[in-house]
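I opened a new structure today and kept notes on what I looked up. The entries follow in the order in which I made them.

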Amino acid sequence: MAMHPSRPFYGIAEIADALGLARQLVTVWRKRRSHGMPEPDAELASGPIWQAATVEPWIEQMRDRLGADTVPSASPELARRAARRMLRLAVLLLEDTPRAGPLARALHEARELLPQVAECAPDELGKALRELLAPVDGPAQDPASPDDQRSLRARVLGTVPIVSRVVELVTF
């Protein structure tokens with residue numbers, strides 16, 4: 001991918017796009033201060049930003065490095081774990097009156113897989129797992145709030161067909 005010389009600033013999304021990686025992976029690198037990622041030039045309410053002069057040399061280095069390194073594909077174990085956790089969350093959300101305690105635990109267990117999935121290759125399985133976990137990525141929901149439960153239910157139940165795709169991609 002070519003650099004955009006007219007782009008004066010980069011956020012996580014722009015860096016991920018420039019590298020052809022998932023935003024979650026770039027976020028993990030930043031939080032872990034890994035891969036030599038430069039510190040942001042500023043922090044906004046929407047997240048960190050980098051000036052082009054700060055981050056473009058690093059992006060070029062990462063492109064060279066990523067060309068030489070292969071990012072590991074998701075393991076079948078990780079895929080099975082993600083599928084089970086999202087199905088468990090869906091089942092709890094289908095109860096007439098979802099219980100906040102078990103729902104909070106299931107939500108936490110699904111969310112704890114996000115960093116592992118973010119580090120997987122953007123192959124078919126990696127993309128399917130990112131899509132599967134997308135409903136639990138982002139701001140925390142209040143499992144006791146009926147409005148948050150309805151919103152989460154709609155998002156999580158929308159991923160049930162993705163579980164089938166994940167199952168097709170790995171041997172159980």
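**Entry 1: terms and source.** I take helices (H or I, at least four residues) and strands (E, at least two) as DSSP runs, numbered from the N terminus. The model is predicted, so I note that local features need pLDDT of at least 70, that side-chain atom pairs count only at pLDDT 80 or more, and that totals for chains, interfaces and linings use all residues. Residues are numbered from 1 along each chain as its sequence is written, and side-chain values use heavy atoms, with hydrogens and water left out.

**Entry 2: the whole protein.** I looked up the elements and found nine helices and three strands. Read from the N terminus, their order is β-α-α-β-β-α-α-α-α-α-α-α. I put a box around the C-alpha atoms along the principal axes, and the box is roughly 55 × 40 × 25 Å. The protein has 172 residues, and 41% of them are buried. For burial I use relative accessible area with a 1.4 Å probe and protein chains only: buried is under 20%, exposed is over 50%, and partly exposed is in between. I then looked at contacts (heavy atoms within 4.5 Å). Of the contacts between residues at least 6 apart in sequence, 64% join residues at least 24 apart.

Entry 3: I looked up Arg33, which lies in the loop between α2 and β2 (42-44). Arg33 is not a glycine, yet its phi is positive, at about 55°. Arg33 counts as exposed because its relative accessible area is 62%. His35 is found in the loop between α2 and β2 as well. The phi of His35 is also positive, near 60°, in a residue other than glycine. With a relative accessibility of 31%, His35 is partly exposed.

**Entry 4: helix α8.** I went on to α8, residues 146-157. This helix has twelve residues and spans 16 Å from its first C-alpha to its last, close to the 16 Å expected at 1.5 Å a residue. The expected span is 1.5 Å times one less than the number of residues. Which residues of α8 are buried? They are Gln149, Leu152 and Val156. These residues sit on the same side of α8, because they cover an arc of only 70° around the axis. The arc is that of the directions from the helix axis to the C-beta atoms. Asp147 and Ala154 are exposed on the face of α8 turned away from the buried side. I checked what the buried residues of α8 pack against, and the partners are α4 (76-93), α5 (100-111) and α9 (160-169).

**Entry 5: helix α9.** I turned to α9 and found Ile162, Val163 and Val166 buried. Seen down the axis, the buried residues of α9 fall within an arc of 110°, so they line one face of the helix. Their cover includes α4 and α7. On the other side of α9, Pro161 and Glu168 are exposed. Pro161 has a relative accessibility of 55%, which is why I list Pro161 as exposed.

**Entry 6: the largest pocket.** I searched on a 1 Å grid over the protein atoms alone. A cavity is a set of points where a 1.4 Å probe fits but cannot get out; a pocket is an open set with protein on both sides within 12 Å along at least five of seven lines; lining residues have an atom within 4 Å of a point. Grid points are joined across faces, edges and corners, and a volume is the space filled by probe spheres set on the points. The largest pocket has a volume of about 410 Å³. Its lining has 15 residues, and Gln24, Thr27, Val28, Lys31 and Asp137 lie nearest the centre. The elements that give two or more residues to this lining are α2 (23-32) and α6. The most comes from α2, with seven residues. I sorted the lining of the largest pocket into six nonpolar, three polar and six charged residues. Here Ala, Val, Leu, Ile, Met, Phe, Trp, Tyr, Cys and Pro count as nonpolar, Asp, Glu, Lys and Arg as charged, and the others, Gly among them, as polar.

**Entry 7: the cavity.** How many cavities of 30 Å³ or more does the whole structure hold? The search finds one. The largest cavity has about 30 Å³ of space, and its lining is Gln24, Leu114, Val117, Ala118, Arg130 and Leu133. At least two lining residues each come from α6 (114-118) and α7 (124-133). The largest share, three residues, is from α6. I count four nonpolar, one polar and one charged residue in the lining of the largest cavity.
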